[in-house]
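Good morning. I have one structure to go through today, and I will take it piece by piece. Please look at it first.

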Amino acid sequence: MDWVWNNFFTGTDSNVGIWGLTLDHLWLSALPIVLGFVISIPLGYWASHSRVARSILLSVFSILYTLPSIVLLVVVPVTLGLPIISPTNVIVALTIYAIAVMLRSATDAFSSLSQDVVEASRAIGFSPLQRFFRVELPLAGPVLLAGARVVSVSTVSLVTVGSFIGVDSLGNLFREGKSTNFGTEILAGIIAVLIIALVYDSIIVLIGRILLPWNRRASRRSARAAELREVSA
Amino acid sequence: MIEFKSVSKLYADGTHAVDNFSVVIPSRKTTVFVGSSGCGKTTLLRMINRMVDPTSGAIEIDGENIANTEPVHLRRGIGYVMQNSGLLPHRTVIDNVATVLFLTKVPKVEAYARANELLDTVGLDRSLAKRYPGELSGGQQQRVGVARGLAANPNILLMDEPFGAVDPIVRIDLQAETMRLQRELDKTIVFVTHDIDEAFLLGDQVLILEKGAKIAQRGTPEEILANPASDFVASFIGADRGKRRLTVDSKVKAKGNDVVLIDAGGYAAGVISAPGGKLAVGSASPKSRSVSNKTSQAGDG
């Protein structure tokens with residue numbers, strides 16, 4: 001415990017302390033989560049509407065997902081012509097992983113929309129753009145957010161791999177702790193990563209509660225509504 | 001007035017969903033398309049608001065070819081009620097009713113006021129306004145669907161098997177409501193159903209359709225019942241099975257002047273009063289649904 005307090009703001013191998021590494025970790029994981037989410041929505045929508053797009057997109061990202069992260073972290077800078085220790089490499093690589101997971105969720109989310117509701121919105125005069133933003137996107141929301149939660153956890157843990165190519169994150173604690181055979185440092189790293197994952201998960205759940213109030217109420221009361229239908233029948 | 005002029009719909013696989021269909025749908029009356037599933041009746045309905053565009057032929061509303069009207073604009077001016085309500089599950093009841101008003105940029109206060117009135121019109125308690133559709137019964141959802149269809153005060157209301165998925169008791173209720181609304185609001189209603197009893201109950205004009213939306217017979221319910229045009233029609237309305245041919249039951253005594261009627265199968269179908277042994281005579285316009293408005297508006301003519 002003393003080690004944690006002594007190294008909270010300074011110390012560790014890059015001398016930014018646990019807190020500094022946590023901040024690095026936060027933005028290195030936040031960007032791929034957000035980018036993966038935003039990019040997957042149009043791709044998933046496209047995939048849910050075209051069988052060709054679906055099979056091509058899903059297989060390409062499935063293949064990319066099977067690449068070990070350390071390989072991707074080497075391939076990305078070579079492809080993009082970036083220095084190998086640039087944080088952009090980590091962000092690009094993790095965004096690819098994020099899309100690989102998120103795209104499937106997004107495709108499922110848009111494919112499983114009630115056709116009755118989509119048709120009805122067309123019939124009463126939503127334009128295609130209004131239909132997407134006011135009907136399809138909100139209704140896909142619960143499945144999209146469930147996907148985002150998976151992506152969030154996996155991205156937060158994957159960021160640590162960046163430490164092995166020299167991009168600072170809480171992974172530094174694993175690397176350093178391993179090389180000096182110092183268990184406390186590794187444990188501190190694990191706990192810090194877990195806390196970030198929990199915080200991000202809570203934020204996503206909270207966003208869902210705020211943006212999709214109907215989702216909770218509907219599921220809580222659907223049992224009651226079913227009962228009502230029984231009675232009126 | 002809605003007019004179909006030699007309308008055909010050919011799908012890519014070569015099936016003729018609609019084959020050379022022509023008919024005039026008069027304003028302020030209820031016209032019912034009735035037929036078995038796959039006969040093209042829903043396709044016809046969806047052509048009126050350009051959910052489906054015909055392969056050939058034209059559809060005119062008050063003499064204007066709707067192919068010249070932008071579909072989104074056209075749809076906002078035509079009420080649409082479908083099976084399973086098609087309500088937006090993420091919007092409250094009141095927002096669902098006001099949807100079309102929001103789309104046409106009616107100010108919020110005005111839209112909500114109108115939506116609240118519509119809840120009254122369709123017989124829903126205003127306390128349901130803040131609920132989500134998932135929290136309502138099937139019958140209530142269908143009423144919200146009707147209210148939404150009426151929100152923009154359209155002259156034309158399209159109803160696609162709106163009561164197909166509710167239980168029989170609620171359905172009878174909703175049918176009665178539809179007749180009341182038609183009496184009060186005087187809309188041009190085009191109604192699609194596969195239920196001939198519903199068609200006869202609601203229709204001023206009934207079109208019995210065969211495959212390819214071929215008109216087997218068109219007329220008032222009375223005309224069709226009195227003179228089925230073909231064996232197909234006779235079979236469809238149940239005349240050939242004797243379901244519509246009623247005779248007086250000689251064995252059972254009902255109270256007062258009533259006698260019990262049975263169909264050809266020997267099943268009880270109803271009672272009729274027969275004072276002094278003579279059957280009561282009625283006139284064949286019992287519904288008095290269409291009381292014409294004085295002002296003329298689109299949908300007339």
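A word on burial to begin with: a residue is called buried if 20 or more other C-beta atoms lie within 10 Å of its own, exposed if 12 or fewer, and partly exposed in between, with the C-beta atoms placed from the backbone. This is a predicted model, where local features need pLDDT of at least 70 and side-chain atom pairs count only at pLDDT 80 or more, while totals for chains, interfaces and linings use all residues. Residues are numbered from 1 along each chain as its sequence is written, and chains are lettered from A and ligands numbered from 1 in the order in which they are written.

Take A:Trp214. Is A:Trp214 buried or exposed? A:Trp214 counts as buried, because it has 21 C-beta neighbours inside 10 Å. A:Trp214 sits in helix H10 of chain A; helices (H or I, at least four residues) and strands (E, at least two) are DSSP runs, numbered from the N terminus. Leaving out residues up to four places away in sequence, A:Trp214 touches B:Pro89, B:His90 and B:Tyr132. Touching, or contact, is when the C-beta atoms of two residues, placed from the backbone, lie within 7 Å.

That brings us to the contact between the chains. Chain A gives 24 residues to it and chain B gives 25 residues. On the side of chain A that touches chain B, at least two residues each come from helix H6 (115-123), helix H7 (128-158) and helix H10 (213-232) of chain A. H10(A) provides the largest share of that side, 9 residues.

Now chain B, and its sheet. Six strands form an open sheet in the order S6-S7-S8-S3-S9-S10 (chain B), with mixed pairing; two strands pair if DSSP finds at least two bridges between them. Strand S6 (78-82) and strand S10 (214-219) of chain B are at the edges with a single partner strand each, so one side of each has no neighbour in the sheet. S6(B) runs parallel to strand S7 (residues 156-160) of chain B, and 5 bridges join them.

Last, a helix. Which residues of H6(B) are buried? They are B:Val170, B:Leu174, B:Thr178 and B:Gln182. An α-helix has 3.6 residues a turn, so residues three or four places apart point the same way. On the other side of H6(B), B:Ile169, B:Ala176 and B:Glu184 are exposed. Just after H6(B), B:Asp186 has a positive phi of about 60 degrees.
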